[in-house]
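Colleague: I have a model open and would like to learn how to read its packing. Please take me through it feature by feature.

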Amino acid sequence: MPADDVQISPATPDEVEHLLAASRHAFAESLARHRGLSPADAAEKADRDTAALLPDGAGTEGQVFLAARRGGDLAGAVWAAVQGPDRPDAAWIYFVWVAPAGRRRGLGRRLVEEAATAVRTRGARYLQLNVFGDNTAAIALYESMGFTVAAQQMTRPLTEG
């Protein structure tokens, strides 16, 4: 199913809650997998980090929440902040989500481009994001969109097994 039959617009409050829950869940899973945190500790960190980014909840100034809908069903969403944590002229994408049935059809690209437009119109000159190293599909997408590596974190196990 191509992504051109999807409408993207600001997320409703319910969609924002769904997006934030999916963001916390995905971040916690990645923290457990990559940083060795227990599932409970990873979930706590994901909740804490999300709360720090959104001191006023979804109404925190500078946030962009967009939803992609196909026939009234949520097909994907993106969360970005107009001002990133490192540069006042940079926006930050915190989370991109596409429903499993709609992946690899261009919707992730459309969501990122829509977020880029939204933050550009609000003064951002750069768009930044983080991606875990094993997320090769996302890395390929971002590279094809012109993102380049600005920093890289590497890990080497010191024990076998």
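**Reading the packing**

Modeller: Start with F65, which is buried, since its relative accessible area is 10%. Keep in mind that this is a predicted model.

Colleague: What does F65 form with W79?

Modeller: A pair of aromatic rings is described by the distance of the centres and the angle of the planes. By the rule used here, the count comes to four aromatic pairs. F65 and W79 form a stacked one, with 5.9 Å centre to centre and 20° between the planes. This pair links distant parts of the chain: F65 sits in strand β2 (residues 63-70) and W79 in strand β3 (residues 73-81), 14 residues apart.

Colleague: Is W79 buried or exposed?

Modeller: W79 is buried, because its relative accessible area is 1%. The cut-off for buried is under 20%.

Colleague: How are the rings of W92 and Y94 arranged?

Modeller: Their centres lie 6.4 Å apart and their planes meet at 50°, so the pair is tilted. W92 counts as buried because its relative accessibility is 11%. Y94 has 23% relative accessibility, so Y94 counts as partly exposed.

Colleague: Which residues do ring pairs link into a cluster?

Modeller: F65, W79, W92 and Y94.

Colleague: Next, the helices. At what angle do α1 and α2 pack?

Modeller: For a helix pair, read the angle, then the handedness, then the contact. Helix α1 (residues 13-35) and helix α2 (residues 39-53) pack at about 130°, and their axes are 8 Å apart. The crossing of α1 past α2 is right-handed.

Colleague: Which residues make the contact between α1 and α2?

Modeller: On the α1 side they are L20, R24, F27, A28, L31, A32 and R35. On the α2 side they are A42, A43, K45, A46, D47, D49 and T50. By class, the residues of this contact divide into eight nonpolar, one polar and five charged.

Colleague: Where does S23 lie?

Modeller: S23 lies in helix α1. S23 counts as buried because its relative accessibility is 8%. Set aside its neighbours within four places in sequence, and S23 is in contact with W79 and F95. W79 is the residue that stacks with F65.

Colleague: Let us turn to A77. Which strand holds A77?

Modeller: A77 lies in strand β3. With 3% relative accessibility, A77 counts as buried.

Colleague: What is A77 in contact with, leaving aside its neighbours within four places in sequence?

Modeller: The partners of A77 are L19, L66, A67, F95, V96, W97 and L111. F95 is also in contact with S23. To read a fold, compare separation in sequence with separation in space. A77 and A11 are 66 residues apart in sequence, and 7.8 Å apart in space, C-alpha to C-alpha.

Colleague: Where does R104 lie, and is R104 buried or exposed?

Modeller: R104 lies in the loop between β4 (90-98) and α3 (107-120). R104 is exposed, because its relative accessible area is 77%. The cut-off for exposed is over 50%.

Methods: Residues numbered from 1 in each chain as written. Predicted model: local features only at pLDDT ≥ 70, side-chain atom pairs only at ≥ 80, totals over all residues. Heavy atoms only, no water. Axes fitted to C-alpha atoms, helices over the stretch in contact; angles between N-to-C directions. Helix = DSSP H or I, 4+ residues; strand = E, 2+ residues; numbered from the N terminus. Left-handed = near helix turned anticlockwise from the far one by under 90°. Contact = heavy atoms within 4.5 Å. Nonpolar A, V, L, I, M, F, W, Y, C, P; charged D, E, K, R; others polar. Buried < 20%, exposed > 50% of the residue type's maximum accessible area, 1.4 Å probe, protein only. Phe/Tyr/Trp six-rings, centres within 6.5 Å; stacked < 30°, edge-to-face > 60°.
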